[in-house]
Amino acid sequence: MAYLAPSEFVTKMVDAGESKIFMSTRDTVIRAYMAGAILALAAAFAVTINVNTGVTIVGAALFPVGFCMLYLFGFDLLTGVFVLSPLALIDKRPGVTLGGVLRNWGLVFIGNFAGAFTVAVMMAIVFTFGFSSPPDKVGQVIGTIGESRTVGYAAHGAAGMLTLFIRGMLCNWMVSAGVVGAMISTTVSGKVIAMWMPIMLFFYMTFEHSIVNMFLFPSGLMLGGHFTIMDYLIWNEIPTVVGNLVGGLAFTGLTLYTTHIKTAPKRQRLAA
């Protein structure tokens, strides 16, 4: 289970961020679409396990299968590019600009949402037999999740917003650790183990992940959850996205970069 030293995988993080910024629009959106779809399906899988077993740790322990799949396939989540793309800018890679970073974030957001929303519609159909009957027990729980994690936060006002933001930060601290985990080994088993641990932690602790929520909340609206689109955007998605950005970049990207890049081997830089 070959292990790369931090000075080696931090260089890989910067290289990955650079490559994502220069990736074509088509490839960026397609990869983001598939990442959103796979993670959404994994979320549906985990909720189904929790409902059917009543043991939440089981769903949390198995949810990372989706995260591992999408990163082994080379797909991209917004929570990952929040961490990787800015490092190429900070490292002053030739041709990397703030506009390029923002373009990458925007395209990945669009692709992730489209993929997660596609699965949300498909699972809503499954949970309701094509909207011909009330949601089954899993569908009812998903509707409840959307309600408690929107109007539930709103009921606490500013304190609820702060809690939501902190949960978003803590989430991407762990998720981005999983993204980096895929880079610290050169074997599939090593990558999977390194990714699995922080993803299980974030899911069991019910931290707020913007891409998972792109599945849970639209599907919750379709399954009878008592909240609105504006509730979803204001009291979950937008603060969660900001929290994910701050937590992942501050706790994973910048800490690793600032403490290990000095000792990284000299890199060949692309011509401007």
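Buried means under 20% relative accessible area, exposed means over 50%, and partly exposed is in between, with a 1.4 Å probe and protein chains only. Leu70 has 0% relative accessibility, so Leu70 counts as buried. I will come back to that residue.

First, what we are looking at. This is a predicted model, in which local features need pLDDT of at least 70, side-chain atom pairs count only at pLDDT 80 or more, and totals for chains, interfaces and linings use all residues. Residues are numbered from 1 along each chain as its sequence is written, and side-chain values use heavy atoms, with hydrogens and water left out.

The pLDDT is the predictor's confidence in each residue, from 0 to 100. The protein chain averages 95, and 96% of the residues score at least 70. Residues 266-272 are a stretch with pLDDT below 50. In the model that stretch has 13 contacts beyond near neighbours in sequence, where contact means heavy atoms within 4.5 Å.

Now helix 4. Helices here are DSSP runs (H or I, at least four residues), as strands are (E, at least two), and they are numbered from the N terminus. Helix 4 covers residues 64-72. Which of its residues are buried? They are Pro64, Gly66, Phe67, Cys68, Leu70 and Tyr71. The buried residues of helix 4 pack against helix 2 (25-53), helix 3 (56-62), helix 5 (78-90), helix 9 and helix 10. Just after helix 4, Gly74 takes a positive phi of about 85 degrees.

Back to Leu70, which is found in helix 4. What does Leu70 contact, leaving aside its neighbours within four places in sequence? The residues are Ala35, Ile38, Leu39, Phe75 and Leu77. Val14 is 56 residues from Leu70 in sequence, and the two C-alpha atoms are 20 Å apart in space.

Next, helix 9 (residues 158-181) and helix 10 (residues 188-204). Their axes come within 8 Å and cross at roughly 175 degrees. The axes are lines fitted to C-alpha atoms, for helices over the stretch in contact, and the angles run from 0 to 180 degrees between N-to-C directions. That crossing makes helix 9 roughly antiparallel to helix 10. The cut-offs are under 35 degrees for roughly parallel, over 145 for roughly antiparallel and 65 to 115 for roughly perpendicular, with the rest oblique.

From helix 9, the residues that meet helix 10 are Cys171, Met174, Val175, Ala177, Gly178 and Gly181. On the helix 10 side they are Lys191, Ala194, Met195, Pro198, Ile199, Leu201 and Phe202. By class, this contact has 10 nonpolar, two polar and one charged residues. Ala, Val, Leu, Ile, Met, Phe, Trp, Tyr, Cys and Pro count as nonpolar, Asp, Glu, Lys and Arg as charged, and the others, Gly among them, as polar.

Now the cysteines. How many disulfides does a search of the whole structure find? The search finds zero. A disulfide is a pair of cysteine sulfur atoms within 2.5 Å. Cys68 counts as buried because its relative accessibility is 4%. Cys171 is buried too, at 0%.

Then two loops. Arg93 lies in the loop between helix 5 and helix 6 (98-128). Is Arg93 buried or exposed? At 4% relative accessibility, Arg93 counts as buried.

Phe129 has a phi near 50 degrees, which is positive in a residue other than glycine. Its relative accessible area is 69%, so Phe129 is exposed. Phe131 is also in the loop between helix 6 and helix 7, with a positive phi near 65 degrees. Phe131 counts as partly exposed, at 47% relative accessibility.

Ser19 is found in helix 1 (residues 6-21) and counts as partly exposed at 42% relative accessibility. Thr259 is in helix 12 (residues 229-260) and, at 48%, counts as partly exposed. That is the end of the tour.
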